[in-house]
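User: I would like to learn how to read the features of a structure model carefully, one kind of feature at a time. Could you take me through the one shown here?

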Amino acid sequence: MICKSCKKEFTDSMYLCPYCGSANSTDTLQNVELLQDYSKKLSDLMKSVGTAEHTQISWDLTVDQYVQKMERLKVILSQPEFSKLSGEKLIKRISNFVERCKDPVFHIAFVGTIKAGKSTLINALLGRNLASTSVTPETAVLTKFRSSKQDYIKVTFYTSEEWGQLWKSISNNADVFKQEYVALHADEEKGEWLDHEVITETVNNADIEAEIERWTSSKHVEHYFVKEVEIGLSDFNMPEQIVFEIHLVWTMQ
């Protein structure tokens, strides 16, 4: 059958054109008015789908095509024919998918035991001594490095509950940790840093080494209570989606 409106060919058994939504009645069709009503609704929907706002995904053409299809599906799901509950759930999942595609993050983890050379390797890749190489197994902070238009540091702290679990897991033989902890009177400042809100600060590139040391070096009290440090570097020659992570593997006794 040839559509009377768009002139495209489609299966004879179909009354509505799959390309433009126009009604193509035949002698066997009894309720022409119903067909025309459906035709109008379908044509309006197809126009809406065709003008759906598209979020351009520049890093991968295939992903961009999937995102475009998902955004069109959102338009369909927003129609009154779909129940509000089921439609909203699917729309939310699609929106989350699109957001993840817009700003994907690829984590490259450097994993090993203490003094295995993780920080040394990352420092060599960065061309600067930013990753701490003087920590004990019990106090090594999860450290992340990523490219950024502006240099910054983001510090996340342990909650009281997390610190309690960490303290219980510390080996009875962790003499170096205990000596440093006591010498710095860290227990007296514990209340100031546990459950502390996340700190995010822009930092001058020339000062970032000292700022990182403050939060990751065992010379400073506050580093004991830091759970994670993320460093954004304007001179990190990697795409913004790439994140270097330092993970320490150690055995709890």
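Analyst: The model is a predicted one, in which local features need pLDDT of at least 70, side-chain atom pairs count only at pLDDT 80 or more, and totals for chains, interfaces and linings use all residues. Residues are numbered from 1 along each chain as its sequence is written, and side-chain values use heavy atoms, with hydrogens and water left out.

User: Where does Phe225 lie, and which residues does Phe225 touch beyond those up to four places away in sequence?

Analyst: Helices (H or I, at least four residues) and strands (E, at least two) are DSSP runs numbered from the N terminus, and Phe225 lies in the loop between helix 8 and strand 5. A contact means heavy atoms within 4.5 Å; leaving out residues up to four places away in sequence, Phe225 touches Phe157, Tyr158, Trp163, Tyr181, Ala186, Glu189, Lys190, Trp193 and Leu194. For Leu194, which is 31 residues from Phe225 along the chain, the C-alpha atoms of the two are separated by 6.3 Å. Ser217 is placed in the loop between helix 8 (208-216) and strand 5 (226-233); Ser217 counts as buried because its relative accessibility is 3%, and, with residues up to four places away not counted, Ser217 touches Ser132 and His223.

User: How many aromatic pairs does a search of the whole structure find, and how is the geometry of Phe157 and Trp215 to be read?

Analyst: Rings of Phe, Tyr and Trp (its six-membered ring) pair if their centres lie within 6.5 Å, and planes under 30 degrees apart count as stacked, over 60 as edge-to-face and the rest as tilted. A search of the whole structure finds 13 such pairs. The ring centres of Phe157 and Trp215 are 5.7 Å apart and their planes stand at 80°, so this pair is edge-to-face. Because Phe157 lies in strand 3 (residues 152-157) and Trp215 in helix 8, the pair ties together parts that are 58 residues apart in sequence; both Phe157 and Trp215 are buried. Tyr158 and Trp163 form a tilted pair, with 6.4 Å from centre to centre and 55° between the planes, and both of these residues are buried. Ring pairs link Tyr158, Trp163, Trp167, Tyr181, Tyr224 and Phe225 into a cluster, which brings us back to the residue we started from.

User: How many salt bridges does the search find, and which parts of the chain does the pair of Glu228 and Lys144 link?

Analyst: A salt bridge is a side-chain nitrogen of Lys or Arg within 4 Å of a carboxyl oxygen of Asp or Glu, and the whole structure holds eight of them. In one of these, Glu228 meets Lys144 with the closest N and O atoms 3.3 Å apart; this pair links distant parts of the chain, with Glu228 in strand 5 and Lys144 in strand 2, 84 residues apart. Lys144 is buried, as its relative accessible area is 13%. Asp187 and Lys190 form another salt bridge (3.4 Å, N to O), but here both residues lie in helix 7 (residues 186-193), three residues apart, about one turn of the helix. Asp187 is partly exposed at 45% relative accessible area, and Lys190 is partly exposed at 25%. Glu222 and Arg214 form a salt bridge in which the closest N and O atoms are 2.7 Å apart; Glu222 counts as buried at 12% relative accessibility, whereas Arg214 counts as partly exposed at 29%. Salt bridges that share partners also join Arg128, Glu209 and Asp235 into one network.

User: How do strand 2 and strand 5 run, and how many bridges join them?

Analyst: Two strands pair if DSSP finds at least two bridges between them; strand 2 and strand 5 run parallel and are joined by six bridges, and Gly232 in strand 5 is the bridge partner of Arg146. Strand 2 (residues 142-147) is largely enclosed by the rest of the structure, because five of its six residues are buried.

User: What does the secondary structure of the whole chain come to?

Analyst: The chain has eight helices and six strands, which follow the pattern α-α-α-β-α-β-β-α-α-α-β-α-β-β along the sequence. Of the 253 residues in the chain, 34% are buried.

Notes: Buried < 20%, exposed > 50% of the residue type's maximum accessible area, 1.4 Å probe, protein only.
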